[in-house]
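Biologist: I am new to this structure and would like to go through it by question and answer. Please show it before we start.

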Amino acid sequence: MAVTDAAVRDHAPGHQRPGGISSPLLGMVLFIASEVMFFGGLFGAYFTIRAAATVWPPQGSPELNRPYSAVATAILVTSSVFMQLAVTAIRRGDQKWLVRWLAVTLLFGLTFLAMQGNDYYNLATHEGFRLSSGVFGSLFYTLTGFHGAHVFGGAAFISIVLLRARSGQFTARYHDTVEMASYYWHFVDVVWIGLFSTFFILK
């Protein structure tokens, strides 16, 4: 019966087929497009304010911990690689490695969130740098905070996918949900690279 159900799902309307994109994947692409516009607006506000300032960051702003954030960035980028390995595994029908790579991806994502939370704590406690600390503090916490919320949402999404993967709900043909999770995770990865470059590299 389980085999029959899997076969029905594999050929059901709306699921992945060679040579086209399914409705769920198209929906995720459109959702990510809307998120690109959202973050584009935030980046636009940042660079508009920065261009109007004579000194940036404003005097009195703390020195952000670039090495620490570089490690966090490497962890998030690596998690994206693991996410793609999970997709590759299920495309060839390997459910065991799908579960393993999803678990590692989730672990790395949660590690990134923990590091970001620790960075916030240190900035607020030791540097007195908070959301209310002028325009730079508002921009920093708004952009990185919204990104952190998106990473948390992505981690929750991957957790659900992982639970489903452990029960064998995905096959080489039926795995749109895994692909959707990967699209979203790669998106938050790219956004963070932009944020890291903006706050920690650009002068």
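Modeller: A definition comes before the questions: Ala, Val, Leu, Ile, Met, Phe, Trp, Tyr, Cys and Pro count as nonpolar, Asp, Glu, Lys and Arg as charged, and the others, Gly among them, as polar. Note also that this is a predicted model.

Biologist: How many helices and strands does the protein chain have?

Modeller: The C-alpha atoms of the chain fill a box of roughly 65 × 30 × 20 Å along the principal axes. Read from the N terminus, the elements run α-α-α-α-α-α. The count is 6 helices and 0 strands.

Biologist: What is the span of helix α5, from its first C-alpha to its last?

Modeller: Helix α5 covers residues 134-166, which is 33 residues. At 1.5 Å a residue, 48 Å is expected, and the value found is close to that. Just after α5, G168 takes a positive phi of about 70°. The span of α5 itself is 47 Å.

Biologist: Are α5 and α6 roughly parallel or roughly antiparallel?

Modeller: The axes of α5 and α6 come within 10 Å and cross at roughly 160°. α5 passes α6 in a left-handed crossing, and the residues of their contact divide into 20 nonpolar, 6 polar and 1 charged. Angles over 145 degrees count as roughly antiparallel. The two helices, α5 and α6, are therefore roughly antiparallel.

Biologist: At what angle do α3 and α4 pack?

Modeller: α3 passes α4 in a left-handed crossing. The residues of the contact of α3 with α4 are 19 nonpolar, 8 polar and 1 charged. The axes of α3 and α4 lie 8 Å apart, and the angle is about 160°.

Biologist: What does that angle make α3 relative to α4?

Modeller: The angle between α3 and α4 is about 160°, and the cut-off for the antiparallel class is 145 degrees. α3 and α4 are therefore roughly antiparallel.

Biologist: Which element gives the most residues to the lining of the largest cavity?

Modeller: The structure holds 1 cavity of 30 Å³ or more, and the largest cavity has a volume of about 90 Å³. Its lining includes Y68, F112, D119, T144 and W192, and divides into 8 nonpolar, 3 polar and 1 charged. At least two lining residues come from each of α3 (66-91), α4 (95-126), α5 and α6. With 5 residues, the element that gives the most is α4.

Biologist: Which element gives the most to the lining of the largest pocket?

Modeller: The largest pocket has a volume of about 250 Å³. Of the 16 residues that line this pocket, the closest to its centre are P57, E63, F199, L202 and K203. Two elements give two or more residues to the lining, α2 (23-52) and α6 (176-201). Giving the most, with 4 residues, is α6.

Biologist: Is the peptide bond from W56 to P57 cis or trans?

Modeller: P57 is found in the loop between α2 and α3. The bond from W56 to P57 has an omega near -5°, and is cis.

Terms used: Residues are numbered from 1 along each chain as its sequence is written. This is a predicted model: local features need pLDDT of at least 70, side-chain atom pairs count only at pLDDT 80 or more; totals for chains, interfaces and linings use all residues. Side-chain values use heavy atoms; hydrogens and water are left out. On a 1 Å grid over the protein atoms alone, a cavity is a set of points where a 1.4 Å probe fits but cannot get out, and a pocket is an open set with protein on both sides within 12 Å along at least five of seven lines; lining residues have an atom within 4 Å of a point. Grid points are joined across faces, edges and corners, and a volume is the space filled by probe spheres set on the points. The expected span of a helix is 1.5 Å times one less than its number of residues. Axes are lines fitted to C-alpha atoms, for helices over the stretch in contact, and angles run from 0 to 180 degrees between N-to-C directions. Angles under 35 degrees count as roughly parallel, over 145 as roughly antiparallel, 65 to 115 as roughly perpendicular and the rest as oblique. A crossing is left-handed if the near helix is turned anticlockwise from the far one by less than a right angle, and right-handed if clockwise.
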